Amino acid sequence: MEVEMLEPCTKRSELLYRMHLLSKEISHIFEQQTNMSFTKVEILFHIKQTPGQSQNRLKEKLYIDSASITRHLKRMEEQGLIVRKKQDENKRYTYLFLTPAGEAELASLLAEKEKFQSRALEKFSEDEVSALLKSVTKMMNNVEKMEEKLK
């Protein structure tokens, strides 16, 4: 009996699939090592970079849906890492600020993230990192253009 072979994946297909798996694995290993989600680090980092930004702006920057960002921020507020404030002029917007505990937590997490990055990229030269960054940025731009067409 002869078994029909399926067409092998193209290199492009395999690349996207491996990038997807890598993204999931990076998040998983990072969370195991730090007991912290990658998203939480990103949120704290962006709040530190732009204190007083709106919750909506942060959601857009990080490509997180409204329910997820609200859930993350509520948990961080309960942990004393951030403060959410509404301005008197416009109660519809919630503005975000790090607390001193949030600043300390972020500093610790960034140190852990640096160690993680060093281990993940230890056999890459600076030229390889630059080339990969350039390629991934190009792909992100392509995907953003695709998203704009959907709107």
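What follows is a set of questions and answers on a predicted model.

Tutor: In this predicted model, local features need pLDDT of at least 70, side-chain atom pairs count only at pLDDT 80 or more, and totals for chains, interfaces and linings use all residues. Residues are numbered from 1 along each chain as its sequence is written, and side-chain values use heavy atoms, with hydrogens and water left out.

Student: What makes a stretch of the protein a helix or a strand?

Tutor: Both are DSSP runs, numbered from the N terminus: a helix is H or I with at least four residues, and a strand is E with at least two. By that rule the protein has six helices and two strands, in the order α-α-α-α-β-β-α-α.

Student: How does the radius of gyration of the protein stand against that of a compact globule?

Tutor: The radius is taken over C-alpha atoms, and the globule rule is 2.2 Å times the number of residues to the power 0.38. For 151 residues a compact globule would be near 15 Å, but the protein has 20 Å. The C-alpha trace spans about 75 × 40 × 35 Å along its principal axes.

Student: Why is methionine 76 called buried?

Tutor: Buried means under 20% relative accessible area, exposed over 50%, and partly exposed in between (1.4 Å probe, protein chains only). Methionine 76 has 1%, so it is buried. Its place is in helix α4. Of the 151 residues of the protein, 21% count as buried.

Student: Which residues does methionine 76 touch, leaving out those up to four places away in sequence?

Tutor: They are Lys40, Ile43, Leu44, Leu81 and Ile82, where contact means heavy atoms within 4.5 Å.

Student: Why is asparagine 35 called exposed?

Tutor: Its relative accessibility is 71%, and exposed means over 50%, so the word applies. Asparagine 35 is found in the loop between α1 (11-34) and α2.

Student: What about the phi of asparagine 35?

Tutor: Most residues other than glycine have a negative phi. Asparagine 35 has a positive value, near 55°.

Student: What makes tyrosine 63 exposed?

Tutor: Its relative accessible area is 56%, and that is over 50%, so tyrosine 63 counts as exposed. Tyrosine 63 is found in the loop between α3 and α4. Its phi is positive, about 55°, although it is not a glycine.

Student: What makes a set of residues a nonpolar core?

Tutor: The members are buried Ala, Val, Leu, Ile, Met, Phe, Trp, Tyr and Cys residues joined through side-chain atoms within 4.5 Å. The largest such core here has 19 residues, of which Ile43, Leu44, Ile47, Leu58, Leu73 and Ile82 touch the most other members. The elements giving two or more residues to this core are α2 (38-49), α3 (55-62), α4 (66-78), β2 (94-98) and α5 (100-120). Helix α2 gives the largest share, four residues.

Student: Which residues are in contact with leucine 73, leaving aside its neighbours within four places in sequence?

Tutor: Leucine 73 is in contact with Ile43, Ile47, Gln55, Leu58, Ile82, Arg84 and Leu96.
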